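Have a look at the structure, then read on.

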Amino acid sequence: MDRTVRTVEDVLALLDGLFASESEAGRLATGDGKDFWNRFYADRSRPVPFFASKPDENLAGYLDQGLIAPGRALDLGCGPGRNAVHLASHGFEVDAVDLSPVAVAWGEDRAHKAGVDVRFLCCNAFALPAAELSGPYDLVVDSGCFHHLPPHRRVSYLALLDRVLTPGGHLALTSFAAGKAGMGSELRDADIYRERELQGGLAYTPESLRWIFSDLVEVELRRMREEPPESALFGVAFLWTALFRRSAAASGDVRPVHDLA
């Protein structure tokens, strides 16, 4: 008989295990989905829109409009590094994190080809010691990581932002959009645990994103602009794009989630 739960992190890890069977069925897994993503990124020639080496249209727009400025950036779930390389080419000091060593190797190749420096880390961002992602970061970029997290890992996500995002810093987020022309599962949080399946990712409404990130200031939240294949930017209409800012008055003195137990 095992008693494995003592801290909040123990509870989160226990809940991760509810979804482990997804990877065995070849679907998107949670927790450690490394095997799925390694297979997903193995063939670089696949006609997947976001395999192209081009940044998100909203991220490029934030730079062009002066809404964000060069500084330290963290790319969560960076995949093959398209946004990380773009930021580095515009003067950012970039840390980029992904579970998949296949994706990270591709990102490193892209950074080398572009002649920019990006610090790639192959790991689960929530499991990294604070010294590895010490921050503070002026910008956290998430293009498709958040919507692959089960509901309980939002706790870890928000705790990470509390720890690493500098006062006045920004979160640039894209996520599956609920409703017509959207994408992703619209099951209620409780039903996701009953089904023990993320169904490829979770859809969000603007209201749910505003509620989850209510400790941040909304700068912009809109549908991603559809970009044609020949565009130098990536854009698909089934995603929300959002830019949130941390209050300049934020103290940053927030305890990690495992200390709240």
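## First, a word on strands

A strand here is a DSSP run of E of at least two residues, and strands are numbered from the N terminus.

The protein's mean pLDDT is 89, with 90% of its residues at 70 or more. Where pLDDT is low, the predicted coordinates should not be read in detail.

## The sheet

So what order do the strands of the open sheet take? There are 7 of them, running β3-β2-β1-β4-β5-β7-β6, and the pairing is mixed. β3 (118-122) and β6 are the edge strands, each pairing on one side only. On average, neighbouring strands are turned by 15° against each other, direction ignored.

Let's zoom in on some of the pairings. β1 runs parallel to β2 (residues 93-98), and 5 bridges join them; Leu74 has Asp95 in β2 as its bridge partner. β1 is largely enclosed by the rest of the structure, because 4 of its 5 residues are buried. Moving along, β4 and β5 run parallel and are joined by 6 bridges, with Leu139 bridging to His170 in β5.

## Helices against the sheet

α4 packs on the sheet and touches β4, β5, β6 and β7, its direction making about 35° with that of β7. α7 packs on the sheet too, touching β1, β4 and β5, and its direction makes about 150° with that of β5.

Why does α4 count as largely enclosed by the rest of the structure? Buried means under 20% relative accessible area, and 7 of the 8 residues in α4 (residues 57-64) are buried, so the helix is largely enclosed. The buried ones are Glu57, Asn58, Leu59, Ala60, Gly61, Tyr62 and Leu63. Their cover includes α5 (82-89), β4 (137-143), β5 (165-176), β6 (217-223) and β7 (239-245). After α4 comes Gly66, with a positive phi near 75°.

## The nonpolar cores

The largest nonpolar core has 33 residues, and the members touching the most others are Val140, Phe146, Tyr157, Leu171 and Phe213. At least two residues each come from β1 (72-76), β4, α7 (153-164), β5, α9 (206-212) and β7. α7 gives the most, with 4 residues.

Leaving out residues up to four places away in sequence, Val140 touches Leu74, Leu76, Leu161, Val164, Leu165, His170, Leu171 and Ala172. Apart from this core lies another, of 22 residues, including Leu59, Leu63, Phe92 and Val116.

What is Thr241 in contact with, leaving aside its neighbours within four places in sequence? The list is Glu57, Asn58, Tyr62, Leu173, Thr174, Glu220, Leu221, Arg222 and Met224. Glu57, Asn58 and Tyr62 are among the buried residues of α4.

Ser175 is in strand β5, and Ser175 is buried as well, at a relative accessible area of 1%. Not counting residues up to four places away in sequence, Ser175 touches His147, Tyr204, Leu209, Phe238, Leu239 and Trp240. And is Lys180 buried or exposed? Lys180 lies in the loop between β5 and α8 (189-195), and Lys180 is exposed, with a relative accessible area of 80%. From Lys180 to Ala190 is 10 residues along the chain, and their C-alpha atoms are separated by 23 Å.

Note on methods. Residues are numbered from 1 along each chain as its sequence is written. This is a predicted model: local features need pLDDT of at least 70, side-chain atom pairs count only at pLDDT 80 or more; totals for chains, interfaces and linings use all residues. Side-chain values use heavy atoms; hydrogens and water are left out. Buried means under 20% relative accessible area, exposed over 50%, partly exposed in between (1.4 Å probe, protein chains only). Contact means heavy atoms within 4.5 Å. pLDDT is the predictor's confidence in each residue, from 0 to 100. A nonpolar core is a set of buried Ala, Val, Leu, Ile, Met, Phe, Trp, Tyr and Cys residues joined through side-chain atoms within 4.5 Å. Two strands pair if DSSP finds at least two bridges between them. Axes are lines fitted to C-alpha atoms, for helices over the stretch in contact, and angles run from 0 to 180 degrees between N-to-C directions.
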